[in-house]
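Please view the sequence and the model first, then read the points below by topic.

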Amino acid sequence: MGEVNYGKYMVKKPLRKESLGARNVKELTYMSNELVPGVNNHVTLNWFYGMPEPNPCSYEHVHDYDQIIIFWSTDPDEPQVLGGEIEFYVGGQAVTFNTTTGLYIPKGLRHGPVTWKEFTRPHVQTVITVGTGSTEEVYEKSGLREPKDELPRKTDKIDYEKYVVRSPFYEDAPRVKNRQAPTMTYMSRSHIPEANYYFEFGWLYGMPEPNPHIFEHLHHFDEIVFHLGGDPADPEDLGGKIEIFVAGKPILMDASCVFFLPKGIKHGPNTWKEFRKPHIEGAIMLGAGTFAEGWGANIDHLQRPEEK
């Protein structure tokens, strides 16, 4: 069996899909079967530059797959201040937030519409759909773009606030200079008992010290890794260059990218070769619900090999 080219799992050039079809929104698809055949996961970043038109631009719909949705700030100095106020219907119940916020939408749960009540600065909606890589299934077949005559009605006694994470956990991880540390955890089973996903991210403010600060390790879960530029004027510009080793081979990240890492594949170290402006480093583990499950025996991955 020949060597696998793991570079095929890294997407640096997103697809521009007008799935929402709204003004003031830039839609970038960073993971799909079209981009990575057989990946069976879907990741879209929707950049909002003003009140979307129409507003709402997505309506009540339902998926046959779990979704994790993160609305995050583009201000590294105030990473929890979203830059807008949003009303998001879940199960017919309106929930409102103005901070960086995570939502867990289990398969079969109707959700939407999503309406902007206020806009003060650009921010991003990251939509991760687990189990399908089909853009058509995520958007076209779900009913997301079909306006409804009335707002949804709640028909049960479930408080759907339980699926909303407005404040992150800060896990006990070693500090790294020029990196937001500890990072912000916006989805875990500790937040939401039903959510078997662990999502964390944080900002890089300069060249991290030590560099590298992540060394070779592996996970027992599939992982989707994010290295994203935070500049609304040019969101595809990472703002730096990072060399990551995957299965012992170097891959250069020099643009905003999303990277799928199959479970059991050794990866790291990650070395910053250049830093120009703040950007985000994050990851979601699929099937790991807690920090301990996700990192497990690899908790020492942040140590230099000679310090282990």
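Phe 71 is buried, with a relative accessible area of 0%; buried means under 20% relative accessible area, exposed over 50%, and partly exposed in between, with a 1.4 Å probe and protein chains only. The model is predicted, so local features need pLDDT of at least 70 and side-chain atom pairs count only at pLDDT 80 or more, whereas totals for chains, interfaces and linings use all residues. Residues are numbered from 1 along each chain as its sequence is written, and side-chain values use heavy atoms, with hydrogens and water left out.

**Phe 71 and the nonpolar cores**

- The largest nonpolar core has 76 residues, of which Phe 71, Trp 72, Phe 88 and Leu 103 touch the most other members. A nonpolar core is a set of buried Ala, Val, Leu, Ile, Met, Phe, Trp, Tyr and Cys residues joined through side-chain atoms within 4.5 Å.
- Leaving aside neighbours within four places in sequence, the contacts of Phe 71 include Leu 82, Ile 86, Phe 88, Phe 97, Leu 103, Val 114, Trp 116 and Val 124; contact means heavy atoms within 4.5 Å.
- Apart from the largest core lies another core of five residues, among them Tyr 198, Met 285, Ala 288 and Phe 291.

**Aromatic pairs**

- The whole structure contains 16 aromatic pairs. Rings of Phe, Tyr and Trp (its six-membered ring) pair if their centres lie within 6.5 Å; planes under 30 degrees apart count as stacked, over 60 as edge-to-face and the rest as tilted.
- Phe 71 and Phe 88 form an edge-to-face pair, at 6.2 Å centre to centre and with 85 degrees between the planes.
- This pair links distant parts of the chain, with Phe 71 in strand E5 and Phe 88 in strand E6 (residues 81-90), 17 residues apart.
- Phe 88 is also buried, with a relative accessible area of 2%.
- One aromatic cluster is formed by Trp 47, Tyr 49, Trp 72, Tyr 186, Phe 199, Phe 201 and Phe 226.

**Strands and the open sheet**

- The protein chain has two helices and 21 strands. Helices (H or I, at least four residues) and strands (E, at least two) are DSSP runs, numbered from the N terminus.
- Seven strands form an open sheet in the order E2-E3-E4-E10-E5-E8-E11, with antiparallel pairing; two strands pair if DSSP finds at least two bridges between them.
- Strand E2 (15-16) and strand E11 (164-165) are the edge strands, each pairing on one side only.
- E5 and strand E10 (residues 123-130) run antiparallel and are joined by eight bridges. Trp 72 stands opposite Val 124 in E10.

**A buried loop residue**

- Ser 58 lies in the loop between strand E4 (41-53) and strand E5 (66-73).
- Ser 58 is buried, with a relative accessible area of 8%.
- Leaving aside neighbours within four places in sequence, Ser 58 is in contact with Leu 20, Pro 113, Val 114 and Leu 144.

**Salt bridges**

- A search of the whole structure finds 20 salt bridges, each being a side-chain nitrogen of Lys or Arg within 4 Å of a carboxyl oxygen of Asp or Glu.
- Glu 209 and Lys 177 meet through their side chains in a salt bridge of 4.0 Å, N to O. Glu 209 lies in strand E15 (residues 197-209) and Lys 177 in strand E13 (residues 177-179), so the pair ties together parts that are 32 residues apart in sequence.
- Glu 209 is partly exposed at 43% relative accessibility, and Lys 177 is partly exposed with a relative accessible area of 49%.
- Another salt bridge joins the side chains of Glu 281 and Arg 179 at 2.7 Å, N to O. Glu 281 lies in strand E21 (residues 279-286) and Arg 179 in strand E13, so this pair ties together parts that are 102 residues apart in sequence. Both Glu 281 and Arg 179 are buried.
- A network of salt bridges links Asp 231, Asp 237, Glu 274, Arg 276 and Lys 277. Within it, the side chains of Lys 277 and Asp 231 meet at 2.9 Å, N to O.

**The chain as a whole**

- Of the 308 residues in the protein chain, 57% are buried.
- Among contacts between residues at least 6 apart in sequence, 74% join residues at least 24 apart.
- The C-alpha atoms fill a box of roughly 65 × 40 × 35 Å, taken along the principal axes.
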